[in-house]
Amino acid sequence: MNQPAVLFDESHCDQCACGEGLGFSFTFAFQPIVDVINKSVFAHEALVRGLDGEGASHILSKVNETNQYSFDQVCRVKAVKLASRLNMDTMLSINFMPNAVYQAEYCIRTTLAAAKTYDFDTRKIIFELTENEKLTSVEHLASIIEAYQEMGFSTAIDDFGAGYSRYDIMMASPPDLLKLDMGLVRNIHNEPNKQAVVNGIISMMKQLGGRIVAEGVETREEYFWLRSQGIHLYQGFLFAKPGFECLPEPVFPV
């Protein structure tokens with residue numbers, strides 16, 4: 001397989017962070033993932049945005065098979081650069097495109113160079129896979145997760161419970177974090193069927209040694225039900241909305 005001609009040494013990080021060659025520019029908003037046990041911020045997820053605050057769909061509609069590798073690489077550099085500029089001292093969660101990663105060890109070099117250039121600890125990086133992305137090979141994704149974990153990164157599956165089922169990945173190479181899709185979270189305190197499904201996922205992750213993040217939590221009722229089941233990590237408007245190029249201060253329900 002031919003390797004895309006992407007430069008990865010630190011001298012090219014600023015060029016990559018500007019999105020040179022993509023034909024469009026973007027930035028990030030950051031949304032906290034909070035730990036309610038010690039009322040702290042566990043991580044910030046980097047959410048792609050247009051330069052004038054346009055939503056992710058506005059940018060992602062410009063990504064295709066031709067430019068997805070470059071976009072994936074630029075996303076990593078931009079997220080690390082902005083996190084460093086904001087003095088982020090938590091974990092940084094970056095969404096990645098597994099179909100753009102042909103070989104984990106090679107494709108990670110831009111990220112490593114960016115972390116060195118912008119003085120960001122690579123041990124604080126989480127790579128998130130969205131469950132909505134169809135994959136041609138389970139083995140390919142499992143190899144990426146395993147390689148990233150061996151390099152010291154954390155891994156997560158986003159939107160679990162929506163789109164394509166990733167139970168095959170859970171069996172092949174479990175991630176460190178599993179993020180419940182907001183469709184499962186919404187109104188869960190009133191829906192026994194959702195409760196049964198979520199309790200099954202909680203049990204699975206306990207046995208696999210991973211942690212669950214409940215995302216898209218918007219109401220106190222949703223939060224208190226999930227909290228009663230032992231979930232400690234949360235993301236959603238109840239705690240904080242995404243902050244455009246800033247780190248918003250979360251609030252904690254009492």
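Visitor: Which residues is Pro175 in contact with, leaving aside its neighbours within four places in sequence?

Guide: Contact here means that heavy atoms lie within 4.5 Å. With the neighbours within four places set aside, Pro175 is in contact with Gln149, Thr155, Ala156, Ile157, Met170 and Met205. Before going on, note that this is a predicted model, in which local features need pLDDT of at least 70 and side-chain atom pairs count only at pLDDT 80 or more, while totals for chains, interfaces and linings use all residues. Residues are numbered from 1 along each chain as its sequence is written, and side-chain values use heavy atoms, with hydrogens and water left out.

Visitor: Where is Pro175 found, and is Pro175 buried or exposed?

Guide: Helices and strands are DSSP runs, numbered from the N terminus (helices: H or I, at least four residues; strands: E, at least two). Pro175 sits in the loop between α7 and β6. Buried means under 20% relative accessible area, exposed over 50%, and partly exposed in between, with a 1.4 Å probe and protein chains only. Pro175 has 5% relative accessibility, so Pro175 counts as buried.

Visitor: How should I read a helix, and what does α9 reach from its first C-alpha to its last?

Guide: An α-helix has 3.6 residues a turn, so residues three or four places apart point the same way. The expected span is 1.5 Å times one less than the number of residues. Helix α9, residues 192-208, has 17 residues and reaches 24 Å, close to the 24 Å expected. Its buried residues are Lys194, Gln195, Val198, Ile201, Ile202, Met204 and Met205. The elements that cover these buried residues include β5, α7, β6, α8, β7 and α10. After α9 comes Gly209, with a positive phi near 85 degrees.

Visitor: In which helix is Gln68 found, and what does Gln68 touch?

Guide: Gln68 belongs to helix α3. At 18% relative accessibility, Gln68 counts as buried. Not counting residues up to four places away in sequence, Gln68 touches Val63, Met97, Asn99 and Ala100.

Visitor: How many salt bridges does a search of the whole structure find?

Guide: Side chains of opposite charge can pair when their charged atoms come close. The cut-off is a side-chain nitrogen of Lys or Arg within 4 Å of a carboxyl oxygen of Asp or Glu. The search finds nine salt bridges. In one of them, Arg211 and Asp35 meet at 3.9 Å, N to O. Arg211 lies in strand β7 and Asp35 in strand β1, so this pair ties together parts that are 176 residues apart in sequence. Arg211 is partly exposed at 35% relative accessibility, whereas Asp35 is buried at 11%.

Visitor: With which residue does Glu45 form a salt bridge?

Guide: The partner is Lys179, with the closest N and O atoms 2.9 Å apart. Glu45 is in strand β2 and Lys179 in strand β6, so the pair links parts 134 residues apart in sequence. Glu45 is buried, with a relative accessible area of 4%, and Lys179 is buried at 1%. Lys179 also forms a salt bridge with Glu128, where the closest N and O atoms are 2.9 Å apart. Glu128 lies in strand β4, so this pair with Lys179 ties together parts 51 residues apart in sequence. Through shared partners, salt bridges join Glu45, Glu128, Lys179 and Glu215 into one network.

Visitor: How much space lies in the largest pocket, and which residues lie nearest its centre?

Guide: Rolling a probe the size of a water molecule over the atoms shows where empty space is left. On a 1 Å grid over the protein atoms alone, a pocket is an open set of points where a 1.4 Å probe fits, with protein on both sides within 12 Å along at least five of seven lines; lining residues have an atom within 4 Å of a point. Grid points are joined across faces, edges and corners, and a volume is the space filled by probe spheres set on the points. The largest pocket holds about 800 Å³. It is lined by 34 residues, of which Glu45, Leu47, Ala56, Leu60 and Asn95 lie nearest its centre. Elements giving two or more residues to the lining include β1, β2, α3 and β4. The largest share, five residues, comes from β2.

Visitor: How do the residues of the lining divide into nonpolar, polar and charged?

Guide: Ala, Val, Leu, Ile, Met, Phe, Trp, Tyr, Cys and Pro count as nonpolar, Asp, Glu, Lys and Arg as charged, and the others, Gly among them, as polar. The lining of the largest pocket has 15 nonpolar, eight polar and 11 charged residues.
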